[in-house]
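Have a look at the structure shown here. This report walks through it one feature at a time.

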Amino acid sequence: EKGGYKHFMLKEIYEQPRAVADTIAGRLQAEEGDIYLEDIGLSDEQLQQLDKIFIIACGTSWHAGLVGKFYIEKLARVPVEIDIASEFRYRDPIVGENSLTVLISQSGETADTLAGLREAKGKGGKTLCVCNVVDSSIARESDGVIYTHAGPEIGVASTKAFTTQLVALYQLALKLGRVRGLLTADQCREQVEALLTLPRKLEEALEIDGHVEEISREFMNARDFLYLGRGNQYPIALEGALKLKEISYIHAEGYPAGEMKHGPIALIDEQLPVVVLVPRNDTYEKVVSNLEEVKARGGKVIAVVSGDDSELIDKVDAIIRVPEINDDLMPLLTSIPMQLLAYHVAVFKGTDVDQPRNLAKSVTVE
Ligand code: M6R
């Protein structure tokens with residue numbers, strides 16, 4: 001049932017091109033330049049009236065939400081607040097009838113996220129979930145649902161659920177952008193065309209597997225790891241660190257690259273591998289200078305770059321390449337090396353990759 005793979009996690013990593021294609025399927029109206037979300041549970045008029053969006057989730061799903069905030073604010077210009085579910089429900093959030101609370105959950109059974117949903121509903125707000133498991137508690141209790149169609153995820157470390165959540169959130173942002181008049185049909189069509197290239201780009205991104213395995217062998221004995229990114233790559237830094245912690249039991253921290261000089265830079269020495277997410281985008285130069293700060297203090301830099309970028313070859317200790325794609329979708333591609341790095345380090349360390357200690361696939365306690 002692992003389809004020839006050594007672990008479910010690896011199988012699920014490799015399923016991503018297919019999973020993402022399934023999330024995309026049926027929702028794109030390329031000719032009309034629109035997005036079709038069947039069970040969203042909100043009329044166009046209700047979508048137009050929204051004055052605020054809350055995103056609530058835990059763990060990896062929360063990281064997807066952090067990227068979702070970028071998507072929605074950029075494409076639809078609706079203010080988004082994002083909370084970890086166990087924080088949201090106890091802070092008496094200001095939910096009104098024109099607010100939409102988006103719950104993100106692979107399992108649809110996470111107790112804190114479910115409680116967040118009930119909190120938002122109880123206050124009269126509208127609710128929508130991005131969920132993988134059909135008919136799960138969260139899917140049933142939300143007013144609307146966008147299913148991720150990733151297929152069953154068995155490995156405790158979430159992989160294909162995450163990338164498909166990003167696609168679903170992107171679709172939601174496009175839909176909102178269209179309905180609220182921020183995106184023309186032509187602009188939407190352009191985004192839709194980029195989305196359609198994703199499965200093939202993910203296939204290409206997976207070709208780095210062998211190279212990431214070598215890098216993992218080299219750094220597997222490190223005691224700590226730091227992950228840095230800016231903008232929509234910051235959540236991917238958090239996700240990379242979480243993956244590594246969960247399955248290899250190595251302490252890791254994700255940090256906004258620009259915040260490093262406000263504290264964590266003190267940690268840097270020759271023993272510390274620093275994974276820097278530095279695809280070509282508007283903040284490229286800034287991230288490069290953060291990377292140079294790390295090198296100047298003796299840190300070991302593993303850079304994740306895009307396309308044929310060769311500027312950093314002499315500046316870093318290892319380079320991982322992902323294909324080029326538009327900036328909004330780049331987080332999906334940079335997620336691949338994050339997953340593979342954690343996976344190979346864990347395999348080298350001999351941990352139980354699919355069933356890491358102390359963790360359960362769905363967390364139904366609060
Ligand atoms: O099923 P959910 O998406 O609600 O689960 C949320 C978290 O428990 C989950 O993402 C967890 O962080 C994963 N083990 C991460 O790999």
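What follows covers a sheet, its helices, some salt bridges and a few single residues. Keep in mind that this is a predicted model.

## The sheet

Start with the open sheet of 5 strands. Its order is E9-E8-E10-E11-E12, and the pairing is parallel. Two strands form the edges: E9 (251–256) and E12 (318–322). Each of these edge strands pairs on one side only. From one strand to the next, the twist averages 20°.

Now take strand E10, residues 273–277. How many of its residues are buried? The count is 5 of 5, so E10 is mostly covered, since buried means under 20% relative accessible area. Both faces of the strand are covered. Pro273, Val275 and Leu277 are buried on one side. Val274 and Val276 are buried on the other.

E10 has two partners to look at. One is strand E8 (residues 224–229), which pairs with E10 in the parallel sense over 3 bridges. Here Leu228 stands opposite Val276 of E10. The other is strand E11 (residues 300–306), joined to E10 by 5 bridges and also running parallel to E10. Here Leu277 stands opposite Val304 of E11. To get from E10 to E11, the chain passes through helix H12 (residues 284–296). This β-α-β crossover is right-handed.

E11 and E12 pair in the parallel sense, over 5 bridges. Ala303 stands opposite Ile319 in E12.

Which helices pack on the sheet? H11 is one of them, and it touches E8, E9 and E10. The direction of H11 makes about 175° with that of E9. Helix H13 (residues 330–349) packs on the sheet too, touching E8, E10, E11 and E12. The direction of H13 makes about 135° with that of E12.

## Salt bridges

The whole structure holds 23 salt bridges. Three of them are listed here.

| Salt bridge | N to O distance |
|---|---|
| Arg89 and Asp112 | 3.7 Å |
| Arg223 and Asp224 | 3.4 Å |
| Glu239 and Lys243 | 2.6 Å |

The pair Arg89 and Asp112 links distant parts of the chain, 23 residues apart. Arg89 sits in the loop between helix H5 (85–88) and strand E5 (99–105). Asp112 belongs to helix H6 (residues 111–122). Both Arg89 and Asp112 are buried.

Next comes the pair Arg223 and Asp224. Is Arg223 buried or exposed? Arg223 is exposed, because its relative accessible area is 68%. Asp224 reaches 22%, so Asp224 counts as partly exposed.

Glu239 is buried, because its relative accessible area is 3%. Lys243 has 0% relative accessibility, so Lys243 is buried as well. Elsewhere, salt bridges that share partners form one network of Lys52, Glu81, Asp83 and Arg91.

## A serine in a loop

Where is Ser136? Ser136 is in the loop between strand E6 (126–131) and helix H7 (137–141). At 2% relative accessibility, Ser136 counts as buried. The side chain of Ser136 reaches the backbone oxygen of Val133 at 2.9 Å. Leaving out residues up to four places away in sequence, Ser136 touches Ser107, Gly108, Glu109 and Cys131.

Most residues other than glycine have a negative phi. Two residues here have a positive one.

Arg77 has a phi near 50°, a positive value in a residue other than glycine. Arg77 is found in the loop between helix H4 (59–76) and strand E4 (80–84). Its relative accessibility is 59%, so Arg77 counts as exposed.

Asn358 is not a glycine either, yet its phi is positive, at about 65°. Asn358 is found in the segment after H13. Asn358 is exposed, because its relative accessible area is 79%.

Terms used
Residues are numbered from 1 along each chain as its sequence is written. This is a predicted model: local features need pLDDT of at least 70, side-chain atom pairs count only at pLDDT 80 or more; totals for chains, interfaces and linings use all residues. Side-chain values use heavy atoms; hydrogens and water are left out. A salt bridge is a side-chain nitrogen of Lys or Arg within 4 Å of a carboxyl oxygen of Asp or Glu. Helices (H or I, at least four residues) and strands (E, at least two) are DSSP runs, numbered from the N terminus. Buried means under 20% relative accessible area, exposed over 50%, partly exposed in between (1.4 Å probe, protein chains only). Two strands pair if DSSP finds at least two bridges between them. A crossover is right-handed if, with the strands pointing away from the viewer, the path from the first strand over the helix to the second runs clockwise. Axes are lines fitted to C-alpha atoms, for helices over the stretch in contact, and angles run from 0 to 180 degrees between N-to-C directions. Contact means heavy atoms within 4.5 Å. A polar contact is a pair of N or O atoms within 3.5 Å; within protein, one must be able to donate a hydrogen and the other to accept it, and residues adjacent in sequence count only if both atoms are side-chain atoms.
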